[in-house]
Amino acid sequence: MMAVEAAEPTVEVAAEPRRRSLLRRIVRQPGGAFGLAVLVLLILVAVFADVIAPYSPTKIGAGPRFADPFGAYLLGTDDLGRDLFSRIVHGARLTVLVAGVAVFISMSIGVLIGLVAAYARGIVEMLLMRTADVIFSFTETLIALACVAILGPSLENAVIAVGIAGIPYYARTTYAAALVETGKPYFEGAAASGAGVFRLIFVHLLPNVLPTIIVVATLGVSMAILAAAALSFLGLGAQPPDPEWGKMLSDARDFFNRAPWLMFVPGACIAVTVLAFNLLGDALREALDPRARR
């Protein structure tokens, strides 16, 4: 009895070393370390944007028009005298919000569709997955454009549109992973023992496809950021005076010859953020792959 009681704490704390081991495998990869560092920095900037930014992002006349960078204003000012650094910092908050909400919409609906299709089979499977295939045949940006055309141009509608456009991506990935799990002995045994539909889907299937979903969601964030920036660039997403990076790119086009930094800075922010999430997703996939573990 004493031997059993002594072994219990080891079982309870076993999850903590596994989490540390996963983080170590991610950081050990240069791309993973870079992506994780950018992600942490982006979150910190988004949370403390009001403290970091020296001016309001919408304050007109915070400085002279087209002030050069690295002077009195770190990144210069735009055509209305707004501080570009303040707008970039607050734009990080919008980027985190847009990407997070859009991915949550896509993932929650898409994962549910994929799990139900893999479990139900038959006509339900055919109906759900063929619908997802039809939608998936169109590009994500085209679907988002159609949604915004129906809902109207605004940042909120752009988030909804990007979320809807990503649903087939998560549905197909989840369906493929869940279909493999339904053929394994543990799932067949649970079904044979009389487990209910809810238990089979959310207790047995979902936890076993979760690593795949996490990797897909990490990569999906970069696609959501690009799609939202593209909509804002076209004037269908964020509206003035929102400091959204894609909208800032669009507004700076007419002043490229006079103030090229107005395009370079938000463009570089988008590029680095997307690259970071792609590298982090690749590193996470490698870290979760049992074949890559030593």
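Reply: Let's begin with how open a residue is: buried means under 20% relative accessible area, exposed means over 50%, and partly exposed is in between (1.4 Å probe, protein chains only). You're looking at a predicted model, in which local features need pLDDT of at least 70 and side-chain atom pairs count only at pLDDT 80 or more, while totals for chains, interfaces and linings use all residues. Numbering runs from 1 along each chain as its sequence is written, and side-chain values use heavy atoms, with hydrogens and water left out.

Now the salt bridges (a side-chain nitrogen of Lys or Arg within 4 Å of a carboxyl oxygen of Asp or Glu). There are 7 of them by that rule. Take R93 and D50, whose side chains meet with N and O 3.6 Å apart. This one ties together distant parts of the chain, as R93 belongs to helix α5 (residues 84-120) and D50 to helix α4, 43 residues apart. Helices here are DSSP runs of H or I with at least four residues, strands are E runs of at least two, and numbering goes from the N terminus. D50 is exposed because its relative accessibility is 55%, whereas R93, at 30%, is partly exposed.

Other bridges stay inside one helix. D133 and R130 come to 2.8 Å, N to O, and they are about one helical turn apart because 3 residues separate them in helix α6 (residues 122-136). Both are partly exposed: D133 has 23% relative accessibility and R130 has 45%. Over in helix α12 (residues 245-251), K247 and D251 are 4 residues apart, so they too are separated by about one helical turn. Their salt bridge has its closest N and O atoms 3.6 Å apart. Here K247 is buried at 11%, while D251 is partly exposed at 32%. As for networks, salt bridges with shared partners join R130, D133 and R172 into one.

The rings are next. Two rings of Phe, Tyr or Trp (its six-membered ring) pair if their centres lie within 6.5 Å; planes under 30 degrees apart are stacked, over 60 edge-to-face, and the rest tilted. The whole structure has 5 such aromatic pairs. One of them is Y55 with Y73, a tilted pair with centres 5.9 Å apart and 35 degrees between the planes. Each sits in the loop between α4 and α5, yet they are 18 residues apart, and the pair links distant parts of the chain. Y55 is partly exposed at 28%, but Y73 is buried at 13%. F198 and F202 make a tilted pair as well, because their planes are at 40 degrees, with centres 4.8 Å apart. Both belong to helix α11 (residues 197-233), 4 residues apart, or about one turn. F198 is exposed at 61%, and F202 is partly exposed at 32%.

One ring meets a charge instead: the charged end of R253 sits over the ring of F233, 4.8 Å from its centre. That wording asks for NZ of Lys or CZ of Arg within 6 Å of the ring centre and within 35 degrees of the ring normal.
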